[in-house]
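Me: I have a structure to go through with you. Can we take it piece by piece?

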Amino acid sequence: MSRSALVGNVTAMLEDAGFVVSDRCAIRPKSFDIAARRGEDLILVKILGNIDAFNEATGHEMRRLGTYLNATPLVIGLRSRDEDLKPDVVYFRHGVPVLSPDTAYNLFIEEVPPLIYAAPGGLYVNIDGDLLADERQDRDWSLGQLANELGVSRRTVSKYEDGMNASVEVAMELENLFGAPLTSPVSVLEGADDVHETEATPDDPEADPDDEEVVAVLTRAGYEVHPTLRSPFKAVSHEEEEKDDDVVLTGHSEFTKAAEKRARIMSSIGHVTHTHSVYVVDRAKQESVDGTALVEREELEQLHDAAELRKVIRERAEHEEAA
């Protein structure tokens, strides 16, 4: 299957699941292919035939964007090396959850979350420690008795009851012993933090030298600016005290056909992520592109604070909608 067809299939699946899906980010470089929202769930999705192409720099960018946009970064792929990804298993690459299309279908369409995740050493599941302890005590078994049944140490059983995860084989043996499910699903949309000890959000990259002046102006206006390296926009900016309410996708370049394409993609992503978008240019012949406000560099320098910029962005977006 071509990558384009795979992107189309994933997009259609998410739309069938009730997601609003952005236009494809058909530009390079790009850290994600589509943004999708269903209610409060916002995901940034990278779609690959072979997930080994997902490198650390892209993983770091997606995790940063997940933090700034309150979104879950996610990779949907077919295989790793020469092996297909197993269904209903969550993998991880550079701190980002990875699913096969079948796993994504079960999660989003069937609403059946995966129970298994891959980690160094094999496949694992979340053990519900409280439920395990209740089952053991109902049997009037000591920690040592259960340990003997499993062929593990008493300390290991105690750790299972304290929340340590177990191999698939141990989980199956536990469920056979007690005749009841003792596992809990992997919370993919919460970042799967319960099974994956992610590092802190990677630091922001340095701004492109061509963008430093724009970053400086936005910073003086009261915005906190997070530069990007592999996104359709140059930065994610937000008012320092209004992070959740006024996020702006920020672009900057000469106003060319490529810039216009980026501005359209920014608008589509902004529609899904519930953010505004602004593109700073040297000269503009129009006020906006599909809802992305165009602001000339000199005009930006004359705006004194975030409230003024916010007003300009909203007025130009609304003017285009009314036109």
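This is a predicted model: local features need pLDDT of at least 70, side-chain atom pairs count only at pLDDT 80 or more; totals for chains, interfaces and linings use all residues.

Me: At what angle do the axes of helix α5 and helix α6 cross?
Reply: Roughly 105 degrees, and the axes of α5 (residues 143–150) and α6 (residues 154–161) come within 8 Å. That makes α5 roughly perpendicular to α6, a label for 65 to 115 degrees. Axes are lines fitted to C-alpha atoms, for helices over the stretch in contact, with angles from 0 to 180 degrees between N-to-C directions. Helices are DSSP runs (H or I, at least four residues), strands too (E, at least two), numbered from the N terminus.

Me: Which residues of α5 and α6 meet?
Reply: Leu143, Gly144, Leu146, Ala147 and Leu150 from α5 meet Arg154, Val157, Ser158, Tyr160 and Glu161 from α6. Contact means heavy atoms within 4.5 Å.

Me: Is arginine 136 buried or exposed?
Reply: Arginine 136 counts as buried because its relative accessibility is 9%. Buried is under 20% relative accessible area, exposed over 50%, partly exposed in between (1.4 Å probe, protein chains only).

Me: Where does arginine 136 sit, and what does it touch?
Reply: Arginine 136 lies in helix α4 (residues 129–138). Leaving out residues up to four places away in sequence, arginine 136 touches Trp141, Ser142, Leu143, Leu146, Glu161 and Phe178.

Me: What does UniProt list for residues 132–189?
Reply: An unreviewed UniProt entry lists "domain: HTH cro/C1-type" there. UniProt positions follow the numbering used here, feature names are shortened, and annotations may be inferred rather than shown by experiment.

Me: New topic. How many residues are in the largest nonpolar core?
Reply: It has 35 residues; Phe32, Leu44, Leu69, Phe233, Val236 and Ile269 are those with the most contacts inside it. Such a core is a set of buried Ala, Val, Leu, Ile, Met, Phe, Trp, Tyr and Cys residues joined through side-chain atoms within 4.5 Å.

Me: Which element gives the largest share of this core?
Reply: α9, with six residues.

Me: What does isoleucine 269 contact?
Reply: Setting aside neighbours within four places in sequence, isoleucine 269 contacts Ser22, Cys25, Phe32, Ala35, Pro232, Phe233 and Leu249.

Conventions:
Residues are numbered from 1 along each chain as its sequence is written. Side-chain values use heavy atoms; hydrogens and water are left out. Angles under 35 degrees count as roughly parallel, over 145 as roughly antiparallel, 65 to 115 as roughly perpendicular and the rest as oblique.
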